[in-house]
Amino acid sequence: MSGAALVWFKRDLRLRDHAPLAEAQRFERALALFVIEPEWLDSPECDPQHVGFTLASLQPLQDELAALGLPLIVRVGPAPQVLQSLRAEFGFTHLLSHEETGTGWSYTRDIAVGRWCREHGVAWTEWPQTGVVRRLRSRSGWAGRWAQRMDAAPQRLDGGFRAPDGWAPTPLPTLADLGLPPSRPLPPAGEAAAQAVLDDFLDGRGRGYRRALSSPLTAEQGCSRLSAHLAFGTLSMRSVHQATEHVIATTPDRTLAYGLRGFSGRLRWHCHFMQKLEDEPDIEFRNFSRAHDTLRQEPLDRERFEAWCEGRTGYPMVDACMRQLRATGWLNFRMRAMLVSFAAYHLWLHWREPGLFLARQFLDFEPGIHWSQMQMQSGTTGINTLRIYSPRKQAEDHDPEGVYVRRWVPELGTPAYPAPIVDERGALAVAKERLYGLRGEREVRQEADAIQQRHGSRRSGLPPSGMKRAAKPRAAAAADDRQQELF
Ligand SMILES: Cc1cc2nc3c(=O)[nH]c(=O)nc-3n(C[C@H](O)[C@H](O)[C@H](O)COP(=O)(O)OP(=O)(O)OC[C@H]3O[C@@H](n4cnc5c(N)ncnc54)[C@H](O)[C@@H]3O)c2cc1C
């Protein structure tokens with residue numbers, strides 16, 4: 001094909017199942033680009049761990065692309081400016097990239113890049129890389145479209161690339177070069193590392209998935225641990241889905257198949273939640289339910305917020321979870337939900353500031369899942385059942401011997417550990433009165449119908465494929481499942 005292509009890598013740091021790369025092979029000449037955008041580095045969700053994981057994923061990608069004859073250029077600057085200067089050096093005619101469902105800064109950036117392309121006669125093609133549908137009119141039929149995409153043949157590379165003369169891969173900057181402090185310790189990054197995590201899970205670790213996912217004692221090993229790889233695109237959602245379905249269909253190990261069916265359903269949730277942000281980008285800033293704007297209007301209580309952030313609320317299970325998260329960048333779903341529930345109901349904090357703080361702590365920060373979950377666990381979607389987690393009950397159910405809490409809160413039982421920051425019973429009584437009172441109002445119920453129509457899951461489509469076939473899901477996993485399906 002005549003013309004020159006620029007493959008723009010963003011959160012798709014892989015070679016396999018990569019539509020823009022496959023398309024670039026058809027062009028006379030091609031280059032690849034990753035832009036380190038100041039808007040990203042300056043955004044309140046960004047943490048050095050995200051940049052560190054990106055750089056560590058880019059290194060092997062750059063090497064593999066070079067072996068195929070495609071130099072990966074890395075530049076720092078606003079995307080339209082970088083494209084402008086690169087166009088002067090390499091007159092590309094086509095820009096090829098994946099769609100991104102990001103926060104406000106990347107949405108604004110995409111509009112600016114679209115304008116720049118139109119003004120400069122560059123044809124920009126974007127491909128979906130998850131089940132998220134752009135310009136979706138109705139949620140009906142969404143699950144069928146998800147399945148169609150996920151079951152389609154993966155994109156394949158066919159030989160090498162033809163790069164213009166004189167181009168070489170750009171040496172990658174360090175965090176210090178970018179003016180950033182060091183990152184907390186990172187797990188192995190890049191496509192090969194991601195594949196190894198997936199293989200290990202599908203080869204046997206997934207057997208105990210449903211039993212392990214709720215307790216922070218077992219979840220670290222028992223969950224797939226693929227979230228950061230899915231967030232940075234070192235594996236495609238389709239390849240994870242297809243590999244999982246293949247094992248489910250072929251393994252003689254029924255326990256493994258049972259575990260993997262539970263996991264498979266969660267891959268749908270990934271896209272289901274991202275679709276909400278795609279459909280309504282400002283849910284990162286404001287309540288799904290505008291009627292809930294009257295709740296939590298008071299300025300953020302800094303003292304409570306800081307105690308929560310630092311893991312010193314005087315509630316041992318809450319503090320242990322926060323400390324694990326801060327140290328490792330990961331926490332299992334149930335404990336994330338408990339942290340947010342505690343901030344929202346016990347401490348009566350609006351979700352936005354806690355959400356930004358958590359976004360920086362989660363290595364797997366994925367805006368669509370994150371902001372939907374922040375609101376869901378804070379009771380502001382207007383449609384899902386209010387779930388208030390009691391830290392004491394979570395400890396009894398998921399850490400009955402106190403092993404986990406002692407690991408992360410060694411000073412428990414000494415004068416160094418603080419007294420509870422709030423009285424649980426009193427705080428929850430006030431929270432429930434405010435929330436249930438609001439939900440009883442007619443306008444709030446009317447608004448809820450519209451939210452359900454726009455964002456709610458169509459129950460027939462969403463439940464995990466395996467849930468229908470499995471006789472009786474074990475209690476813990478079933479509880480987590482119920483919690484999700486409602487929104
Ligand atoms: C307040 C809050 C914020 C969250 N923020 C994020 C986030 O920024 N990024 C993120 O990937 N997940 C987020 N989650 C969802 C969930 O906690 C993580 O996906 C999960 O813990 C990641 O670990 P894993 O890959 O081992 O999960 P597994 O249990 O092995 O699940 C496999 C994959 O399925 C998807 N998935 C699992 N649970 C959910 C869920 N509840 N909703 C949507 N997708 C799901 C993820 O892509 C995950 O990697 C959040 C949950 C809560 C309660």
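This is a predicted model: local features need pLDDT of at least 70, side-chain atom pairs count only at pLDDT 80 or more; totals for chains, interfaces and linings use all residues.
Which residues of helix α4 (residues 79–89) are buried?

1. Let's start with the helix. The buried residues of α4 are Ala79, Val82, Leu83 and Leu86. Looking down the axis of α4, you will find these buried residues within an arc of 100°, so they line one face of the helix.

2. The other side of α4 has a contrasting pair to look at: Gln81 and Ala88 are exposed there.

3. What do the buried residues of α4 pack against? Their partners are the strands β1 (4–9), β2 (29–36), β3 (72–76) and β4 (94–98), together with the helix α5 (104–119).

4. Now to Asp17, which sits in the loop between β1 and α1 (19–24). Is Asp17 buried or exposed? Its relative accessibility is 6%, and buried means under 20%, so Asp17 counts as buried.

5. Arg156 is 139 residues away from Asp17 in sequence, yet their C-alpha atoms are separated by 6.1 Å. Leaving aside residues up to four places away in sequence, Asp17 touches Pro154, Gln155, Ser236, Arg238 and Ser239.

6. Two of these neighbours are joined to Asp17 through side chains. The side chain of Ser236 makes a polar contact of 2.7 Å with the side chain of Asp17. A polar contact of 3.0 Å links the side chains of Asp17 and Arg238.

Key: Residues are numbered from 1 along each chain as its sequence is written. Side-chain values use heavy atoms; hydrogens and water are left out. Buried means under 20% relative accessible area, exposed over 50%, partly exposed in between (1.4 Å probe, protein chains only). Helices (H or I, at least four residues) and strands (E, at least two) are DSSP runs, numbered from the N terminus. The arc is that of the directions from the helix axis to the C-beta atoms. Contact means heavy atoms within 4.5 Å. A polar contact is a pair of N or O atoms within 3.5 Å; within protein, one must be able to donate a hydrogen and the other to accept it, and residues adjacent in sequence count only if both atoms are side-chain atoms.
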